[in-house]
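Visitor: I'm new to reading protein models. Could you show me one and let me ask how you know what you say about it?

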Amino acid sequence: MPRPAVESSRRHRSGSVKEPLAVRTNMSDYQPISEQLDDVSGAREDGHRKMDWARQHMPILNALRDDFVSEQPLAGERVGMAMHVEAKTACLVELLAEGGADVAITGCNPLSTHDDVSAALDEHERITSYAKRGVDDEEYYAAIDAVIDHEPTITVDDGADLIFRIHQEYPELIDSIVGGCEETTTGVHRLRAMDEDGELDYPVFAVNDTPMKRLFDNVHGTGESSLANIAMTTNLAWAGKTVVVGGYGDCGRGVAKKAEGQNADVIVTEVEPRRALEAHMEGYEVMPMAEAAKEGDVFITTTGNRDVITEEHFEVMQDGVLLANAGHFDVEVNLDQLSDLASETYEARDGVQTYELEDGRRLNVLAEGRLVNLASPIALGHPVEVMDQSFGIQAVAAREIAQNNAEYEAGVHDVPDDLDREVAEIKLDADGVEFDSLSAEQAEYMNSWDHGT
Ligand code: RBV
């Protein structure tokens, strides 16, 4: 439920001092998940079971929990979140609450929420969850508005919908927000564009861009979970297939690598010459989508851009192809154009929509073109271990905002490297991996420029 506003004096782009908030008039009447389910206690039990499993495999969050509980770094903060609400995310939410925050959360994708986990979270006295699977656009934004009604002092986004909504619809709240965190490439991209236009009015950490997130979650997480979901959703093999990967960023690199590891032939499409060259040097075939469209059996888009696969490509695809998206938004495969081309469409399996064209070819779209590893009916998101890393960074970034926000101007910020190292060291320690450190002589050598031949 909405909580009273607090006073503080924190700095913003305007340099203004935070004023107590006026009573809000446009309160959302969207209800928490517990009010929306028939069997709340059964759902909570299932949700807690999923969270217990995740927690067992999240040593970083467990280590941080000890510090958060004793030090209460988020005491007095209200955290508003829009993320994929499933078991691993729930462990992050609990950690923030146990670190002293009141948390309100909703989903960042209409299909990625697990209602049972959402209900389990909502049971916590410091957490309110509005996330519900299968919401339409109107409900999706009503739930975001309900989170905003809690008047967050810190925002945590995956895709920047919450931050964007606050800037568009609730600018009066910005002075009381000390900072935010953004989880994913697409969100960081959006925020940098806002920042360049001078439109981002509080500091936001680009959690996505840290080595501990990007090199593991984006590469291995996206690669493993996308392929696993496509295989489980279709019950089809990778071996012997030609897999077309749209985009060779971190996510595309992971998808290509794992597909190759499953004995598929991999084709990469790119628009950036260095990435195209990198894919070529890795041994993948690189060609324009117009050519790849004729050859692929499975298409996986990872670009973060729209219209990667369009009408001209559908026209030349083989019968029976699979079309899946692993990018944040559902804009990469142009489904409007595919619908227009199709004479018939039907659900061939759970999570597989077949578009049958005039000439009889069937093109199969997974998870409505939404990110397949989170939005297909059986989706579980990335593996637990990688999300432990990503959410470890989220937690220390939120702690940094709460404790040192005066040091950050409005705009997108890199997470300080020492925080990234802190999380890496916790993980190495948990896995029992020891590593070297520099001797004094080595440190001196690395920092000097007068040692030569
Ligand atoms: N992601 N979350 C999960 N909670 O299961 N899986 C993937 C989960 C995040 C990932 O960090 C990526 O950057 C983002 O989802 C894309 O929306």
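Visitor: Let's start with alanine 160: is it buried or exposed, and what makes you call it that?

Guide: This is a predicted model, by the way. Alanine 160 has a relative accessible area of 1%. Buried means under 20%, so alanine 160 counts as buried. You'll find alanine 160 in the loop between strand 4 (154–157) and helix 6 (161–169).

Visitor: What is the phi of alanine 160?

Guide: Phi of alanine 160 is near 75°, a positive value in a residue other than glycine. Aspartate 307 has a positive phi as well, near 55°.

Visitor: And what is aspartate 307 called, given its relative accessibility?

Guide: Partly exposed. The value for aspartate 307 is 31%. Buried would need under 20% and exposed over 50%, so aspartate 307 falls in between and is called partly exposed. Aspartate 307 sits in the loop between strand 10 (298–301) and helix 12 (311–314).

Visitor: Let's step back to the whole protein. How do you know whether its radius of gyration agrees with that of a compact globule?

Guide: You compare two numbers. With 453 residues, a compact globule would come out near 22 Å, and the protein has 23 Å, which agrees. Its C-alpha atoms fill a box of roughly 75 × 65 × 45 Å along the principal axes. As for the residues, 55% of the 453 count as buried.

Visitor: How many helices and strands are there?

Guide: The protein has 17 helices and 15 strands. Of its contacts with a separation of 6 or more, 72% are between residues 24 or more positions apart.

Visitor: What makes you say that strand 7 is largely enclosed?

Guide: Just look at the count. In strand 7 (residues 242–246), 5 of the 5 residues are buried, so the strand is largely enclosed by the rest of the structure. Thr242, Val244 and Gly246 point one way, Val243 and Val245 point the other way, and all are buried.

Visitor: Where does an antiparallel pair turn up?

Guide: Strand 12 and strand 13 (residues 352–357) pair that way over 6 bridges. Threonine 345 and tyrosine 355 are bridge partners there. The two strands form a hairpin with 2 residues between them, and glycine 351 in the turn has a positive phi of about 80°.

Visitor: What about serine 376: buried or exposed, and how do you know?

Guide: The relative accessible area of serine 376 is 2%. With the limit at under 20%, serine 376 is buried. Serine 376 is in the loop between helix 14 (372–375) and helix 15 (384–404). Not counting residues up to four places away in sequence, serine 376 touches Arg133, Asn229, Thr233 and Ala367.

Visitor: And why is threonine 186 called buried?

Guide: Threonine 186 has a relative accessible area of 16%. That is still under 20%, so threonine 186 is buried. Threonine 186 lies in helix 7 (residues 185–196). Its contacts beyond four places in sequence are Gly304, His328 and Phe329.

Technical notes. Residues numbered from 1 in each chain as written. Predicted model: local features only at pLDDT ≥ 70, side-chain atom pairs only at ≥ 80, totals over all residues. Heavy atoms only, no water. Helix = DSSP H or I, 4+ residues; strand = E, 2+ residues; numbered from the N terminus. Rg over C-alpha atoms; globule rule 2.2 N^0.38 Å. Buried < 20%, exposed > 50% of the residue type's maximum accessible area, 1.4 Å probe, protein only. Contact = heavy atoms within 4.5 Å. Pairing = 2+ DSSP bridges.
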